[in-house]
Amino acid sequence: MSGRPREPTVLLTGASGRVGRAILGRLGDTYDWRLVDREPPTGETEHIYLVADVTDSEAMVEAMADVDVVVHLAGDPRPEAPWDSVLANNIDGTQTVLDAAATAGVEKFVFASSNHAVGGYETDERTPGMYRSDDDFDLDGTELPRPSNFYGVSKATGETLSRYYHDEHDMSVICLRIGNLTENHPPEDYERGQAMWLSHRDCAQLFERAIEADYDYEIVYGISDNDRKYYSLEGAREVLGYEPEDNSAEY
Ligand SMILES: NC(=O)C1=CN([C@@H]2O[C@H](COP(=O)(O)OP(=O)(O)OC[C@H]3O[C@@H](n4cnc5c(N)ncnc54)[C@H](O)[C@@H]3O)[C@@H](O)[C@H]2O)C=CC1
Ligand SMILES: O=C1O[C@H](COP(=O)(O)O)[C@@H](O)[C@H](O)[C@H]1O
């Protein structure tokens with residue numbers, strides 16, 4: 001028998017979306033993936049792929065068999081999403097996945113939270129100055145949620161739901177408040193997006209560290225090492241050992 005530790009089995013919900021593709025594009029061979037999405041795969045996939053809605057509790061219980069880590073991305077990602085959509089897809093969906101994970105004894109849960117959970121700190125008085133390098137306003141993950149829309153409310157709720165499941169079921173949880181993921185270059189002509197850019201390379205590293213690191217319950221920001229940022233990277237560095245390689249100022 002080889003002394004090499006078994007690679008963890010990781011369930012990835014929302015696997016066919018932008019973040020899912022950024023993760024699988026670099027980590028597709030690193031773990032024993034189980035993919036879940038309500039949409040069928042667009043091309044061939046070498047991984048087990050379950051077409052299911054995350055609000056379907058029976059399907060989620062089935063999906064958890066032999067899973068070590070859950071990376072939960074599925075949901076409505078639109079900042080302008082209406083209440084009925086975030087209530088079903090983001091809030092009910094997250095509770096259903098958390099419950100199935102806890103029942104199955106999953107060790108670790110990685111939750112895709114968002115900058116919009118704290119978008120309300122971007123007040124008229126602070127903006128646009130806080131997006132610029134001569135401003136030092138900073139959020140570090142210890143502040144209270146301050147959502148900027150119903151989508152942000154759903155992400156703050158996901159953070160709270162996962163805190164509850166952590167406390168009740170002893171499951172390790174990391175909430176990654178992701179910035180703005182774009183491929184190849186930062187958003188153009190968009191200062192806010194440049195300050196919170198997350199490159200594909202850094203996104204994959206962030207999730208790899210979240211799958212590998214040891215923690216209890218944490219909320220950290222997930223962005224690249226942009227010159228101007230108003231989200232501290234200290235939490236992700238300390239808790240996860242995340243060392244981002246990209247910087248929107250270099251484009
Ligand atoms: N893309 C970004 O810059 C950011 C994304 N996030 C979060 O990351 C996660 C993934 O976002 P993206 O990949 O950008 O979105 P996306 O829309 O590209 O992908 C989401 C995937 O989830 C699936 N999905 C949605 N509702 C579902 C349901 N009820 N059951 C099963 N599958 C469902 C969709 O079919 C889709 O493939 C979301 O939770 C989003 O809120 C957070 C911050 C920034
Ligand atoms: O949470 C999210 O945030 C990003 C960035 O927000 P934006 O309002 O500056 O575009 C967004 O692009 C993404 O769709 C969303 O899920």
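**Close-up 1. Helix H3 bends by about 30° at glycine 93.** The bend is the angle between axes fitted to the seven residues ending there and the seven starting there. This is a predicted model: local features need pLDDT of at least 70, side-chain atom pairs count only at pLDDT 80 or more, and totals for chains, interfaces and linings use all residues. Residues are numbered from 1 along each chain as its sequence is written, while chains are lettered from A and ligands numbered from 1 in the order in which they are written. Helices (H or I, at least four residues) and strands (E, at least two) are DSSP runs, numbered from the N terminus. Just after H3, glycine 105 has a positive phi of about 75°.

Close-up 2. Buried means 20 or more other C-beta atoms within 10 Å of the residue's own, with C-beta atoms placed from the backbone.

**Close-up 3. Leucine 11 in strand E1.** Leucine 11 counts as buried because it has 28 C-beta neighbours inside 10 Å. Beyond four places in sequence, its contacts (C-beta atoms, placed from the backbone, within 7 Å) are Arg34, Val36, Ala63, Met64, Val67 and Val70.

Definitions and conventions
A residue is buried if 20 or more other C-beta atoms lie within 10 Å of its own, exposed if 12 or fewer, and partly exposed in between; C-beta atoms are placed from the backbone. Two residues are in contact if their C-beta atoms, placed from the backbone, lie within 7 Å.
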